[in-house]
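Here are a few exercises on side-chain contacts. Have the model open and work through them one at a time.

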Amino acid sequence: MRMYDIIHKKRDGGQLNKQEIAYIVKGFTDGSIPDYQMSALSMAIYFQGMSAEETAELTLSMAQSGDMIDLSGINGNKVDKHSTGGVGDTTTLVLLPLVASVGVPVAKLSGRGLGHTGGTIDKLEAIPGFSIDMPQDQFVANVNKYGCALIGQTGSVAPADKKLYALRDVTATVDTIPLIASSIMSKKIASGADSIVLDVKTGDGAFMKTLDGSFELAKAMVDIGNNVGRNTIGVISGMEQPLGYAIGNALEVQEAIDTLRGVGPDDLAELCLVLGSYMLVATDHAANAEEARQMLVDSLQSGKALETFRSFIEAQGGNPAVIDDRTLLPQAKRQVAVTLGRAGYVAEIHAEEAGTCAMLLGAGRETKDSEVDLAVGIVLHKKVGDAVAANEAIATLYVNDESRLTEVISRLQAAYVLTDERQPVQPLIYGVVTKSGIERFV
């Protein structure tokens, strides 16, 4: 078998078989296939695409290129949730205890963020003492005892994907559905869950800007999961404006606590109920989304979900008192109100730009070596559809380093678009993709 022949085959639109794909992944991972040949193949895939079978084989081979996490010691049908990103995306912090509180085990491997705000790990580490460091047997034991646990994703999970992504990033081959889907799903499959629910964002603040592209990506990932024996469901959710009100690590932890109390933002609460419902359906814990939703609502109203979060924090070394005392979370030195100087109705909030503003304050990483300030960020006061008076605050900045404050204020003001008449709010949920097909809600 020669890499030259495989490149030639894919260049001319041929379909690669299981043996060829395994040869590619093994050879690229161990260095016997050079970057220039892998670059040529990536470009051939960019133009010719891959079938569902090819994409599933590529995903499985990349997952098997490193450690495959064994979760067989956890009782029940383990579920994992993945989001394709967004601004103010605090859903994992809510979903872990919420879903676990109704009897579905959630064993989560997460990463740190690069971009707008920190990843799930950074957010949770805003809780004093919280640690993701634990041996595998303790991770399994925690899930069995408390219903959920979270550890960091190591470099030994899907190393082929990490190496391939770095190459795609510098060869203009990132933006192709088969390689995006296989990249995401290889890590999910290696993480060991039995069932997977995907939150695929669409809109200004999302990786996929178009609705059709988001449905296409969701279908590719759902097909992969089901082709390799993992019950997988994709939900398409809007990211035309930030989710919730908080953008920043400690600020998002507080918003997650508020949501578990039943007093969080409506859009964040609704998305968590939708995703959580499909997590229960995927694991056969509920017959349908309506039944699942009622179970989750009951858990929120009874306080059981919040108490599960308290136990989860304590089990991982964190101080559970943060649930009752927000001052125990990192606090910024200064709060700065942002106004627009005119009245109107919020027609748009450019989500990506709002996220960039939080990053410039220090809430995210501009480079992989950047230090995250867990205290800083933005709390929005006005969302799309809201009325704004001439000198009313649209947001509050939580600031420690003021070196870029003027720039942030200017950019956040520009991210808001006002009109004289109220504009319709875009949908939060656009549809769902299952092994049965695509169901569009709007």
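For what follows, a residue is buried under 20% relative accessible area, exposed over 50%, and partly exposed in between. Keep in mind that this is a predicted model.

**Exercise 1.** Work out whether D212 and R440 are buried, partly exposed or exposed, then find what joins their side chains.

*Solution.* Start with D212: its relative accessibility is 53%, and the cut-off for exposed is over 50%, so D212 counts as exposed. R440 comes in at 41%, so it is partly exposed. Next, the contact: the two side chains meet in a salt bridge, 3.1 Å from N to O. R440 belongs to strand β14 (residues 437-440) and D212 to helix α10 (residues 211-227), so the bridge ties together parts 228 residues apart in sequence. R440 also lies over the face of F215, at 4.1 Å from the ring centre.

**Exercise 2.** Decide whether K108 and D80 are buried or exposed, and say where they sit.

*Solution.* K108 has a relative accessible area of 5%, so it is buried. D80, at 1%, counts as buried too. They form a salt bridge, with the closest N and O atoms 3.1 Å apart. K108 is in strand β2 (residues 106-110) and D80 in strand β1 (residues 79-83), 28 residues apart.

**Exercise 3.** Classify the ring pair of Y46 and F47.

*Solution.* The ring centres are 5.2 Å apart and the planes make an angle of 80°, so this pair is edge-to-face.

Definitions and conventions
Residues numbered from 1 in each chain as written. Predicted model: local features only at pLDDT ≥ 70, side-chain atom pairs only at ≥ 80, totals over all residues. Heavy atoms only, no water. Phe/Tyr/Trp six-rings, centres within 6.5 Å; stacked < 30°, edge-to-face > 60°. Lys NZ or Arg CZ within 6 Å of the ring centre and 35° of its normal. Salt bridge = Lys/Arg side-chain N within 4 Å of Asp/Glu carboxyl O. Helix = DSSP H or I, 4+ residues; strand = E, 2+ residues; numbered from the N terminus. Buried < 20%, exposed > 50% of the residue type's maximum accessible area, 1.4 Å probe, protein only.
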